[in-house]
Every structure is written in C-alpha cells, then in structure tokens.
Amino acid sequence: VSSALYVPPSGFVESSCHSRIFWMKLNKLLLQGKFFQLEINDPYAGPVLLDEKLASRCGYLLSEDVWGNPVFRASVLGCHVANEADELFSLTVNIKVSSFSSMRAAVTYIYPLYCSYSSWASREIVCEENYMEVSVRTDVPAVSNDYTVAWMSALPETQNVAYQLWQLMFVSPSGRKTITVSDAAKLGYSFNNTLSRVYLRAPYHTNESDVSVVSGVNMNMVTSTSMYRQRWLLLLIDTTVSCPVDGIRFTDTTLTWTVPSVIPTLVVQESTFLSKTILMGVDGRVIVNPEEKNYLLEHNETHIGITVPIGAEGGKLKSSVSGGVYGVTYSIDLFLEHTWTDADWQTTKYTVIKSITTPFMPQIPTVINNTLPEERLFNVALGHFLPDVSLVAIAIGNVPFTLREARHHGFKIYETPFSNRTKGFVLEVSFDDPYVLKEYVNRNETKYTLLVNYSMSVGPEMIPYYHSAEVECVIADIELPEAVGYCDEENLYLAIPTFGLHQYWNLYLGSKPLNRHVALTNGYLAATNSTHLILQIPLFALGVIYEEVSFQKIKARFDVALRKVRTMETLQMFSVRCNFNSSAFIICHPDGTIMISAQMKTIPAIDMSKTKLRDSSCKPREYNEEHAFFKFHVTTCGTSVRFEGDHIVYENEISYEKETLPGQSTPTITRDPDYRLTVSCYYRAKETLVLGAFASDPSTSPPFGSGTMVPRSNIAVYRRIRQALNVVSRVSKDESFREFYEPNVTMLKRPVEPVFLEVELKDESPDAELYLENCWVAGSLDFDSTPRWNITVDGQVVIARPTRS
C-alpha cells in the first residue's frame, strides 16, 4: 500500500458542519469503477480503518445520500476528534482509492474536517441512524427532586464507586446494572468527558435498552446515570437518552415522519415543558421556509410531523423492478432539530437524522398513441419513466431489433421529456412497413396493427424490464371498385376493376363464387385486361333476371355480388339492366312460370288468335300476325313433366289445328295447315324450387331453368283410347325427394308447411302423358271426405285452405 498522502482533486470532497456534526460527501462520478476505504487518523495511534462496529461506538456513520454519493458523518464528540475547549473540533480522514477490491496500489487522500461549535445547550441529544448520543454539562443538577426516592435507594451502590473513576448505572426492566466505563465499551457503549461535559453514546437495541411507545411512536431508550466520586465529592449525572425508531407513514403521494413533541423519559416535569424552536433540514441543510418547497412542518402538544410529497425537491425517485413490474422508490435524507426548556434541564437540543425510502410503488407504463393517420405513420410514446431507465431494444411483430438495427431499418426512435422530470420513448413506424399487420375491415377500410415489445434497462443495476404495446389504426384507404354495365342486341356486359379481387373481395353469382368454371358452365364469356374483368352474359343465360317480360319485349338484369373474402358479407351489387326486343324467346322461372314469345311463320299464315296450349282454354295473352305470347305455370295448361338424368323437363305444345270446311263430297277441303310447337323447360332436379301455394315472386329470384322450342307441323293428332293408367304418388320428407313417407302413415303439418308430393306415371307408352288436374289433402282415405285442402284445381296451384263439398 502506498504511504504517500495526496490532496483530493478538486470537486472530489465536499464538507460542512451542521448541528455539531461533521458532514463529508464524496463525488461518486470520480469514484466510478473504483473502490474506496476511509481511515480515521488518530492523533496518537495513527490511521484506524473505519468499520461498522467502530462507527456506532465512536460516533461515525458511512452511508450514501439519495444520489448515490458516499457520505461520512461524525459527531464532534467522536473518538478521534481533537477538542479545543469544547469550541473548536477537528478530525482528519484518509480516503483510500484503488482500482482493485483488495485495495492494492491505493492512492491515499488526506482530508481534514473542522467544526466550530460554542452554543452548547445544557443537554444535547443526537439520534443518528446507527447510534444515540447524549451530552450533558457537568454543572447542571444531577437528578430531579422527583427522582429523590428512587435515586436515594441507589445511593448505597455509589459507595462502591472507585475514586476518580466514572461508572455507569443502567436501569432497565430487568433491573439495575452498574459497570465501569471500560466494561461499557466492551458492550458497544462509549462514555467520556470533556472540559465541561460528559457524554454517553449507545448503539440501538442493546441489552440495557428498552422500547416504549410514546404518542404512537416506538422509542428506543437507554436509562442511565453517570457517577463520579472523588474523595468527599459524589457526582450523579442523568445520561438517559431516547430516540425514535419508526414513525414513518406512506400514502400514494406523500410520506410523513412523526416524532413525539414530549418524551416523558427526557422531560420529567411535563408541566414545565416549553417548546422553543423546531427546524427541519434536508441533506444536512436547514430549510428556512419549508412551504416554499412544498414541505409541511407541523406540530402540536403531542407530535411533530414532517410531510413530504413523493418526488419533492431534495429527494430522489429511483426506478426499480419487482416481480416483472416496473415501479419507483423515493428517498430523502431528513433531520429534525427540536429545542425545548423545562425546570430540570434549562435547555435541551434534540436532533434526529433520518434517511427515509418509500416502499416499492408500481408504475404501470402508459402507451400514448399520437398516430397520424393522414401521414400513414404510427407515433407511439411509452412513458413515464425516470431518467435512470434506458431503452435497449425493441421487437416489432416478434422480430427483434437492436436500436441500431431498428434505425437502419427505417424506424425512428427517440426520447421525449414529460412533466415531473420523467421521460418517454417515442417510436415512429410507417403503416406500409412490412412488419405492420394489415387487415381489411368494414367496406373500404384497413386496420393497421403495430405490435411492439420494449426491452429496457432499469437503474444503475441495469435490471432488465419488458413491456409490450399494441396500437391499432383504422383508415378508409381502400377504394371499392365500381362496375360499368352496357348491352348489345343479345348480351349484357359488366366491366369490373380487378384491383383487390381475391385479396379483399370475391365475386359471387347468387350463392356461388363466380369463377372461370361457373362462367363457362353458364355460357358467359370472361376476358381480362390489365385493369378490368369483362363479363359477357347472353340474354337467355342462367343468372339473368327478367324484371318485365311482355310481348316481344324483355327488361333483363344481371347481378354480381361483391363479397368480403372472410366473412362473405355483401358489400356491393354490380348490376347491368337493359331492355331487349326479341321476336322469339322462352323463359323458365324458378317458381314454374313459363313465358313464351313464339314466332310462327307459315305459308299460308296462321291466325295467331286461334293458337293454344295443350289445354285449349290456354290462349295467347298477346299476339300479332306472326307472334303469340303465352304465360302459364308448369302445373297448368296441360304441361307434362318427365326426368332426363339429373334434370326435370316440363313440356307443352303451342298448336294450331286446321279448320275443315264442309263440302258436297269427300275429300274434305282444308284452308290451313296443322302447326305444333313443342316448348320445353329444363330444371336441375337438385335445384328445383318447391312448386306450391307459397311460390316466390319471379321478379326477385334469378331463373335457372332453360327452355327450348321444337316446332312440329302437319303431325296428325290421334285420340287416345281410354285405358287404366299405372299412376303412383308419394310424399317426400323434404325437397330432395330422396326419402319418402311409408304408405298409410299419418303426417301432421302446419297450414304454412309445404307438402312435397310426387306423382309418377308408370306407363311405357310414348304417347302417355301425366296431367295433374285436381289434387287435395283429405282427413281420411275416403276421397269424398270433408273437409279437404286443395293443392291444385283444374291444374292451377292454389293456396291450400279447407273447403267443404
């Protein structure tokens, strides 16, 4: 170890003298990465290494202030202090600094401390953090009159006091104990006298001490008498000392330190007690106007209270992490100086030094969303943190980045100051960054989601702390496509922008997605260019809706639904609507309605008013010289039904029968030819809608039947000979016509429930046709029973309601 002594560098040591206490503070910035020790320079024995046991016995304390600077305090009555007439005091401290924990190659700085103090009170008590000290003038009365009886009983013990030797008598709940000063030193006490005073210093919680509650505050007390005998002189001095060991209360916003105003063991005659001055100090300095710094100093007959707001000036907030939760503690170094008088002691000066730290206070970080939708930029601030918190890394969408990598990628990261000396970390990320989650929502909006995981370092200990945040922003930045429709003489056209198709939306025709296969199957032509999908839909293709159909005129519409990919929600309908003039057409509606505009060009011409369907009562609704317009239901007008594979085919005939004129003899003279036009409607069996009393409006449902017209002229009509037909009828359980009820089984149906009835003609003759004229439901097997519910009457579907006959 180097023996050279050096003067400390400028700014390394700061010292003062307050309340007869040496205060010395070292600058932690000049000690970074180094180790240090303190030696007390004894004028006679040389340097003495300061340790904890020596400190409490000799009146020293080594700790840190709230800022982490090492602090050394020493009583002017300390063991190695040079005392000149109880007025001038000096103490020399060696500060050893080394780069090694073993303190090898240490540099030693010598630093003298000086203190001038002459305004001694009759009794002075110091309650330091690691010891209690009482000093008493030797010319004050030894014991109070109130103690006469108690202390006179102790007088016999004083006879054993050695001449010219101080002894101490302790009074505790376990009894009285008298020991020599040297024995007291072995127990951790320090007793000595100066020119005009005696003093006793005691550590807290010795065997001779007692804890009592005074005005709600626990007080550690050592009751003692110092005795000195010299020939005929016997000197008894009360050296009792009592110091608070708690009295701290916390709220979310304040801390309060309470000390009793009157301590009974120190004030025997309370009626004579008079408080003179009360001063508070912070960090060793007296605060003259506490209210200017938001401190509250208040007192009454029982208490003295100091209330400090959490975070107030003079103290320090420090970040911490507990159980993965971020929080803070607040520390402040306070002292209280109370001076009072009473009949026994003239003046007592009572000084308490207290370093207070709050419990851990969780502080849940706040995510402040300053996102700028118009700039397509996330701006997220995470706070509030103390200056001792640093951002180390982030993860965006579970992809980790160091701060350098994040900035290189294009993220903007910086700190921003907040109120109350806190700060936040600001992160700016573009909506279009690949690590931002994007989701199409609503009609034309995108939801952008930024997932951030922050990694931070907390406090000088660099405790890791993590916090996650999720920020969303929904903006209308998607333009819904607008389709353009037009027509020519035979087709409808839809031109639809392809942007967003299959990414956000799909096109649907009814309940089926409109893909290339469906287009080809339905007879559409689909073409694409760089911007649009163009659909060509023939007038009589599947999916065309016929809003109005009249003689030689069709008002047709074609709809395509724009639906969201995930939810199937319909966002928009693309429609094209046109009027067509057509000389010949057949339209098969899903409810079984058939509309025919038939062109019949014959030579000679036919009288269109005399054309008819199989049922001769079904005449054209409109006609001219070459066309006839029929509208009927598949259950009427003699329409037949048959099955071809997976199709149901409904057929009828438009016919014109020649007129015969009576002649005088055979052969018969004819004027017109026979003419027959077969019309057929094809329906997929699996898609056939129920034909019944509750059929839907044909203008609201897209037809899916296809029709054909096959003319047959000059075909003879033969009258069928009446014969027994093999007809079988069954009732299906549902519209699939796959499962049927057994014969003679009773079925219960509500009036509005459909009945799925199948009637089949099992006749192999090609000329046999089935025509369902009258059909009803009865309550028994008797055909003539009443009431009965009609389903068809004369081939017409009716709303089933009971009738009586």
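The secondary structure of the predicted protein comprises 6 helices and 64 strands, and of its 805 residues 45% are classed as buried. Where contacts between residues at least 6 apart in sequence are considered, 60% of them connect residues that are at least 24 apart.

Rolling a probe the size of a water molecule over the atoms shows where empty space is left. By residue class, the lining of the largest cavity is made up of 9 charged, 6 polar and 6 nonpolar residues. Several strands take part in this lining, with at least two residues supplied by each of β2 (13-18), β3 (21-26), β6 (60-64), β7 (70-75), β28 (325-342) and β29 (346-357); the most is given by β2, which provides 4 residues. In terms of domains, at least three lining residues of the largest cavity are drawn from domain 1 (13-119), and at least three from domain 3 (247-363).

Most residues other than glycine have a negative phi, and most peptide bonds are trans. Against this background, the peptide bond between Gly383 and His384 is cis, with an omega of about -5°, and His384 is located in strand β32, which covers residues 377-385. A positive phi, near 55°, is found at Asp86, a residue other than glycine. Asp86 is placed in the loop between β8 (82-84) and β9 (88-98), and it counts as buried because its relative accessibility of 4% falls under the 20% limit. Met568, likewise not a glycine, has a positive phi of about 65° and belongs to the loop between β47 (553-564) and β48 (570-581). With a relative accessibility of 33%, which lies between the 20% and 50% limits, Met568 is therefore partly exposed.

The C-alpha atom of Met169 lies 9.7 Å from that of Thr239, although 70 residues separate the two along the chain.

Phe431 is situated in the loop between β36 (423-430) and β37 (437-441), and with a relative accessible area of 0% Phe431 is buried. The C-alpha atoms of Phe431 and Glu375 are 8.9 Å apart in space, while the two residues are 56 apart in sequence. When neighbours within four places in sequence are left aside, the contacts of Phe431 include Thr371, Pro373, Arg376, Leu377 and Phe378, together with Val436, Lys438, Tyr448, Cys473 and Ile475.

Lys612 also lies in a loop, in this case between β50 (593-599) and β51 (622-623). Lys612 is classed as buried because its relative accessible area, 15%, is under the limit of 20%. Between Lys612 and Phe630 the C-alpha distance is 8.7 Å, at a separation of 18 residues in sequence. Phe630 is also one of the residues touched by Lys612 when residues up to four places away in sequence are not counted, the others being Cys618, Lys619, Glu653, Ile654, Ser655 and Glu657.

Note on methods. Residues numbered from 1 in each chain as written. Predicted model: local features only at pLDDT ≥ 70, side-chain atom pairs only at ≥ 80, totals over all residues. Heavy atoms only, no water. Nonpolar A, V, L, I, M, F, W, Y, C, P; charged D, E, K, R; others polar. Domains from an automatic or database assignment. Buried < 20%, exposed > 50% of the residue type's maximum accessible area, 1.4 Å probe, protein only. Contact = heavy atoms within 4.5 Å.
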